Every structure is written in structure tokens, then in C-alpha cells.
Amino acid sequence: MRPMDFQRARSNEQREMRRARILAVTSEMLEEMPVAKVSLNELSRRVGLAKSNVLRYFESREAVLLQLLDAELHEWAAQVDAWLVESPADCLERIAQVADVVASSIAERPVMCDLISAQSAVLERNISTEVAVQHKYAIAGEVETITRAMVRALPELSNEQAWQVVAYTILLTAGAWPQSRPAPAIQAAYDLEPDLAAGQMDFTETLRDLIRVTITGLLASA
């Protein structure tokens with residue numbers, strides 16, 4: 001690493017570049033290891049900064065991960081907004097299309113899925129109220145983007161119902177993602193005992209079905 005990389009970032013642009021670098025390295029680490037294994041010490045080493053310097057840009061490890069989750073959610077919302085379009089198909093077919101787009105777009109983002117799974121139990125701990133407020137507003141904005149896209153593709157849904165679908169989808173992701181990636185001992189049990197294999201799940205297929213059932217149920221109960 002060049003000596004200039006160790007100099008303190010003085011301008012706003014330099015600080016944002018440093019923050020972006022920290023987030024990019026964190027994302028790379030999450031492609032190699034689970035959230036629980038991401039440490040400030042290893043992150044600092046890979047970024048080329050002292051741990052104390054990383055904490056100049058983010059108040060804690062959890063704040064780094066939370067900011068990365070916000071960025072992942074922003075990209076996901078933009079993708080769904082682009083993919084969900086008006087269609088002349090009948091209602092049931094459009095429900096299936098919406099469920100497929102949302103589930104597939106989530107499955108393409110394993111880092112986001114890992115972070116969502118750890119959000120309540122890990123990421124939202126050890127942060128300040130200021131960071132929490134920023135995070136919750138960021139999530140609200142992305143949920144609103146997807147809500148509008150969902151109503152555009154499926155106008156039978158009210159704004160409130162579409163918001164519920166998005167909120168439930170995030171909750172379902174938090175549970176289904178780790179369940180679809182069993183620990184080695186559990187996977188070995190599935191491999192050893194065929195009768196237990198029914199407990200395995202395909203994440204995309206499961207999430208797609210759950211979203212479809214959720215939408216159908218909300219429309220039926222209206």
C-alpha cells in the first residue's frame with residue numbers, strides 16, 4: 001500500500017472514499033465468512049488502517065455492517081423497481097411474477113441475506129441512537145421504493161398491503177436464509193438419513209412460495 005494511503009483523510013471527498021473502501025472490504029470479507037467472523041482487527045488489517053482509524057469513520061463493527069446493509073438494500077430496491085413492470089397478464093399470473101422477481105432478486109444477494117439474518121440480533125446492537133435513526137430511515141426509504149413498484153405491477157394491492165408484503169418478505173428472508181444453509185453436522189445428518197432430507201429447503205423456491213401465499217392471502221382478506 002502506498003504511504004499516502006495512511007494519511008488522514010482531510011476533505012469530505014477523501015473521507016467518503018475511505019468510508020467506501022471500508023465498506024467494500026467488509027463486503028469482500030462477507031463473501032468469505034459469516035457475519036460473526038467479521039472482526040474490526042481483520043477489517044483494519046485488510047483496509048490498511050489502524051483499528052482506531054477505522055473507528056474514525058464508523059463508531060463500531062456493527063455500524064460498519066449496518067451501513068453495508070443499507071447500501072445492499074438500496075441496490076436491491078433499485079433492481080426490483082426496474083424489474084417490476086406493468087403487465088396485461090391476469091391477477092394470479094402477475095402475483096406469480098411479482099413473487100418470482102422479488103425472491104430471485106434477493107437470492108442473488110447473499111451478502112444482503114447474511115446481513116438481514118443478523119440485523120436484529122447483531123447489527124442493531126452496539127450502535128448509537130443517531131446511527132439507529134439513520135438506519136431506520138434508510139430502510140423505510142427502500143421499502144417505500146419497492147412498495148410503489150409492487151403496486152405498479154400489481155394494482156390490486158393497496159399501498160398498505162404492498163408495504164406489508166415487503167416487510168414480511170424481509171422477515172421471511174431473515175429466517176429462511178440461514179435455514180437453507182445448514183451447519184455441517186445438520187447437512188451430514190440430511191445426507192446420512194434420507195428421511196430427514198425433507199427438512200432441507202431451497203431458499204429461492206421457499207421464499208417465492210411464501211411471498212405468493214402472502215399476497216394471495218392479503219388480497220383474499222381485503
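The expected span of a helix is taken here as 1.5 Å times one less than its number of residues, with helices being DSSP runs of H or I of at least four residues, and strands runs of E of at least two, numbered from the N terminus. The model is predicted, so to speak of local features takes a pLDDT of at least 70, and side-chain atom pairs count only at pLDDT 80 or more, while totals for chains, interfaces and linings use all residues. Residues are numbered from 1 along each chain as its sequence is written, and side-chain values use heavy atoms, leaving out hydrogens and water.

The chain has 10 helices and 0 strands. Its C-alpha atoms fill a box of roughly 60 × 45 × 30 Å along the principal axes. Of the 222 residues, 41% are buried (under 20% relative accessible area with a 1.4 Å probe, protein chains only).

Helix α8 covers residues 159-179 and reaches 30 Å from first C-alpha to last, close to the 30 Å expected for its 21 residues. Still, α8 has a kink of about 25 degrees centred on Thr173 (the angle between axes fitted to the seven residues ending there and the seven starting there). Thr173 is also one of the buried residues of α8, along with others including Ile170 and Trp177. This buried set packs against α5, α6, α7 and α10, contact meaning heavy atoms within 4.5 Å.

Over at the other end of the numbering, α1 (residues 12-30) meets α2 (residues 40-47) at about 115 degrees, with axes 10 Å apart (lines fitted to C-alpha atoms over the stretch in contact, angles running from 0 to 180 degrees between N-to-C directions). Among the residues involved, Ile22 and Met29 sit on the α1 side and Leu43 and Val47 on the α2 side.

Key:
Buried < 20%, exposed > 50% of the residue type's maximum accessible area, 1.4 Å probe, protein only.
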